[in-house]
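Here are my notes on this one, in the order I'd go through them with the viewer open. Have a look at the structure, then read on.

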Amino acid sequence: MPAKLNLALCVGPLADDGYHPLTTIFQAVSLHDELIAQPAAPGEISVAMSGEGTDSVAVDDSNLAVRAARLLADSYGDERFGVRLTVKKSIPVAGGMAGGSADAAAALLACSVLWDLDIDPEELREYGAQLGSDVPFALMGGTAIGTGRGDKLVPVLSRGSHHWVLAFADTGLSTPAVYRHFDQLQPDGCDLEMPTELINALATGDSEELARHLRNDLAAAAIDLQPSLQATIDAGLECGALAAIVSGSGPTVAFLCRNEEAAVALSVALSAEDVARAVRRVVGPVAGARLLSGGCPGVRAARRTRRPGVRLAGRSQDSRRQDAGLG
Ligand code: C5P
């Protein structure tokens, strides 16, 4: 399942529900976590994590992948459900690239296949929205406009591929802390107008045009909380990037490059600058969470339907089979 960038992140004023209304353009990029779901004893839902930054990730019931599995198990109410999840992380933890959301998306998809649930993609996205604002997009992938909390999605035409260089920071940033600081800097929020020029630029596939219209209203708050980000941004721009954006709530910085050659040159130059913990080259857009292999000998009998009485707001009754995927 892929990481995301927000090519535009327009943030309105804090609402009564504790969230900010957004108009955002997501793009999924070629930096992936991998998740394996194996059958486990009835009632057992567990996760083991390895890779990028996992020392700081709890593997108890608060883990987003565990919460995703439990949400499905509880909703479908079959006590025979159990799953052992293994996550190999490459997406930075607390990096503003929706790594936790990607793992939750993969767990939803994996468990729906393992447990042979009668669930369609739209319904899966509705479960995802209960787990986090970015989870529906991690399932969907590609390029999309997000409104509401970022969970209401419409696909956007994006021609060609864009080449990005990512600079990972030494320490993460807490998303709620960045939003709180945004509230102090911008108590009235920013405008939520649809970024039409950016959408038009995506349709042309022209990276130089796209570079002119990137926007992130959380950037000032993220840089205030982690001032070293400014040096990272400056270094990337001096080394030839078309544009720099803080990714989501940060602290990962994404540099847009003219083409693959320019991205290779920038990643080499940035690595020598010592302004980032690590530098990675990615392209976008890429697909959302996908199944890499199947044939799980899980709890298979009749296709499972949701427990009576457990309802999702506004869900469709369509029972088309989810063709699931992770990776
Ligand atoms: O939805 P998610 O759990 O990912 O959000 C994490 C935190 O980010 C929320 O608790 C909230 O503080 C902040 N947030 C927000 N407005 C949004 C999305 C997230 O204020 N649209």
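1. Start with the packing, keeping in mind that this is a predicted model. The largest nonpolar core has 64 residues, and the members touching the most others are Trp115 and Trp164. Helix H2, covering residues 99-114, is the top contributor to this core, with ten residues. Apart from it there is another core, of 26 residues, including Ala167, Tyr179, Leu218 and Cys257.

2. Zooming out, the protein chain carries ten helices and twelve strands. It runs to 327 residues, and 52% of them count as buried. Among contacts with a separation of 6 or more, 79% are between residues 24 or more positions apart.

3. Now the ligand. Which residues are around it? The list is Gly18, Tyr19, His20, Leu22, Gly132, Ser133, Arg149, Thr175, Pro176 and Tyr179. Tyr179 is worth a click, as it is also listed in the core of 26 residues.

4. The side chain of His20 puts an N or O atom 2.6 Å from a ligand oxygen, and for the side chain of Ser133 the distance to a ligand oxygen is 2.5 Å. With Arg149 it's the backbone: one of its polar atoms there sits 3.2 Å from a ligand nitrogen. Taken alone, the ligand exposes 460 Å², and the protein buries 75% of that.

Methods:
Residues are numbered from 1 along each chain as its sequence is written. This is a predicted model: local features need pLDDT of at least 70, side-chain atom pairs count only at pLDDT 80 or more; totals for chains, interfaces and linings use all residues. Side-chain values use heavy atoms; hydrogens and water are left out. Helices (H or I, at least four residues) and strands (E, at least two) are DSSP runs, numbered from the N terminus. Buried means under 20% relative accessible area, exposed over 50%, partly exposed in between (1.4 Å probe, protein chains only). Contact means heavy atoms within 4.5 Å. A nonpolar core is a set of buried Ala, Val, Leu, Ile, Met, Phe, Trp, Tyr and Cys residues joined through side-chain atoms within 4.5 Å. A residue is near a molecule or strand if one of its heavy atoms lies within 4 Å of it. A polar contact is a pair of N or O atoms within 3.5 Å; within protein, one must be able to donate a hydrogen and the other to accept it, and residues adjacent in sequence count only if both atoms are side-chain atoms. Accessible areas come from the Shrake-Rupley method with a 1.4 Å probe; for residues, only the protein chains shown count as cover.
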